[in-house]
Amino acid sequence: MRARAQRAIQECRRIAAFTEEPGRITRRFLTPPMHDVHALLTERMQALGMNTRVDAIGNLRGLWQPPCAGKKRLLLGSHLDTVPDAGAFDGVLGVTLALEWVELAQELKLPLPIEVIAFSEEEGVRYATPFLGSRAVTGTFDKSTLAYEDADGVRMDDAIRQFGLNPEKINEAILHEDLLGFIELHIEQGPVLEAEDLQLAIVEGIVGQTRLGFRFNGQANHAGTTPMHLRRDALAAAAEWISAVEAIAKKEEGLVATVGKIDLRPNAGNVIPGQVELSLDVRHMSNRQRSHWVRHFIHEAQIAAHKRGVAVEWVQKLDQQAVDLDRFMCNLLQISLEAAAFPVKRMTSGAGHDAMVMAARTPTAMLFLRSPGGISHHPDETVREEDVEAALLVGRKFLEQFAADVS
Ligand SMILES: [Zn+2]
């Protein structure tokens with residue numbers, strides 16, 4: 001198994017060389033290096049006896065159809081696109097590992113058809129809208145996005161044509177077949193597994209998130225002539241609110257809240273800040289809890305503003321519901337972890353994944369691999385050989401169990 005793990009890692013490193021920017025890994029949706037990735041993976045799929053195709057949104061798909069097996073298939077996969085200046089493993093490892101799982105299924109002679117989907121787009125970098133690949137596959141692709149333009153003014157439908165595909169055929173990407181379920185293998189992209197000295201975790205849910213924009217309106221004025229008690233300092237109000245948000249979220253299990261962006265006017269050293277615009281990102285596995293805390297944070301902003309005679313307004317920019325992953329699939333992963341003698345850890349994902357889109361179409365679960373240093377979306381992103389090997393040992397148990405359960 002160690003040799004397989006090394007191969008899965010090696011393939012990620014080879015794919016990392018296919019990039020838009022020499023010296024950095026940047027591979028956006030349907031950009032030229034994606035052709036090279038497809039060529040490498042297609043060759044590998046065909047060597048495994050899989051039928052391959054690229055659908056109209058640019059997902060590379062390989063089907064392993066064992067002789068004398070039915071048509072119902074298990075889906076495996078993850079995404080091939082990256083953020084700018086990315087690491088080599090986010091998404092890609094879920095594809096190279098899926099191909100190792102296919103080979104394991106073949107060696108075990110399991111009568112289990114498996115389709116591996118290497119999604120063309122998950123990160124939302126090129127067209128500021130994520131999950132294009134999985135949305136096309138699940139029939140939830142919004143065709144109005146075809147008119148979106150990237151930073152160079154290239155419309156999405158033109159980008160699809162330039163890649164050699166036909167945007168009129170996006171419906172042909174939809175999975176109409178009977179499906180048995182979907183498993184996404186993915187690096188954790190966070191520090192939890194490393195902190196708990198664990199290699200793998202079952203992901204049983206993906207948190208919902210709310211994003212808001214806040215604006216504190218005070219009064220810009222002279223920093224020397226305006227006494228402290230006569231000021232309406234928008235930044236001082238915002239700063240108090242930021243600290244309150246952090247303190248509240250720290251005390252609440254399962255809640256994360258982040259003020260990540262700030263824009264200050266006039267932003268001069270000798271002027272009292274008159275206006276501050278900030279972002280707030282709130283995530284929780286419970287939709288009810290998330291709504292509750294969002295209301296609470298708004299209330300805290302009003303308190304902080306009121307103290308200083310500052311006005312505050314806000315706008316909600318995103319309200320994405322949490323997604324529970326499938327209990328049967330999660331339990332089967334748990335049985336597989338136990339059978340392979342690994343400790344069982346269940347957790348939620350704080351980041352979005354294709355699995356959250358797929359979950360609406362078929363029973364879905366994810367398996368996380370430890371992220372050394374908790375680092376991701378960064379060139380230092382890496383993965384340990386023994387953790388990849390662990391995902392293969394669990395995969396073998398899972399495939400055996402799954403094939404037995406569905407036959
Ligand atoms: Zn990812």
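Mentor: Start where the domains meet: 4 residues of domain 1 are in contact with 6 residues of domain 2. Contact here means that the C-beta atoms of two residues, placed from the backbone, lie within 7 Å. The model is predicted, so local features need pLDDT of at least 70 and side-chain atom pairs count only at pLDDT 80 or more, while totals for chains, interfaces and linings use all residues. Residues are numbered from 1 along each chain as its sequence is written.

Domain 1 covers 2–206 + 322–406 and domain 2 covers 208–320, bounds that come from an automatic or database domain assignment. Taken over C-alpha atoms, the centres of domain 1 and domain 2 are separated by 37 Å. On the side of domain 1 that touches domain 2 there are 1 nonpolar residue, 3 polar and no charged. In this count Ala, Val, Leu, Ile, Met, Phe, Trp, Tyr, Cys and Pro are nonpolar, Asp, Glu, Lys and Arg are charged, and the others, Gly among them, are polar.

Next, a pair of helices. Helices (H or I, at least four residues) and strands (E, at least two) are DSSP runs, numbered from the N terminus. Helix H7 (residues 234–251) packs against helix H8 (residues 287–307) at an angle of about 145 degrees, and their axes are 9 Å apart. The axes are lines fitted to C-alpha atoms, for helices over the stretch in contact, and angles run from 0 to 180 degrees between N-to-C directions. Residues on the H7 side of the contact include Trp 241, Ala 244 and Ile 248, and those on the H8 side include Phe 297, Ala 301 and Ala 304. The residues of this contact divide into 9 nonpolar, 1 polar and 3 charged.

Now the interior. In soluble globular proteins, nonpolar side chains tend to be buried together. The largest nonpolar core here has 95 residues, and Leu 367 and Ala 391 have the most contacts inside it. Such a core is a set of buried Ala, Val, Leu, Ile, Met, Phe, Trp, Tyr and Cys residues joined through C-beta atoms within 7 Å. A residue is buried if 20 or more other C-beta atoms lie within 10 Å of its own, exposed if 12 or fewer, and partly exposed in between, with C-beta atoms placed from the backbone. Leaving aside neighbours within four places in sequence, Leu 367 is in contact with residues including Ile 183, Leu 200, Leu 333 and Ala 391.

Some single residues remain. Gln 189 sits in the loop between strand E5 (179–187) and helix H6 (192–195). Gln 189 is not a glycine, yet its phi is positive, about 65 degrees. With 20 other C-beta atoms within 10 Å, Gln 189 is buried. Asn 267, in the loop between E10 and E11, also is not a glycine and has a positive phi, of about 60 degrees. Asn 267 counts as partly exposed because it has 13 C-beta neighbours inside 10 Å. The loop between strand E10 (262–265) and strand E11 (271–272) also holds Pro 266, and the peptide bond from Arg 265 to Pro 266 is cis, with omega near 0 degrees.
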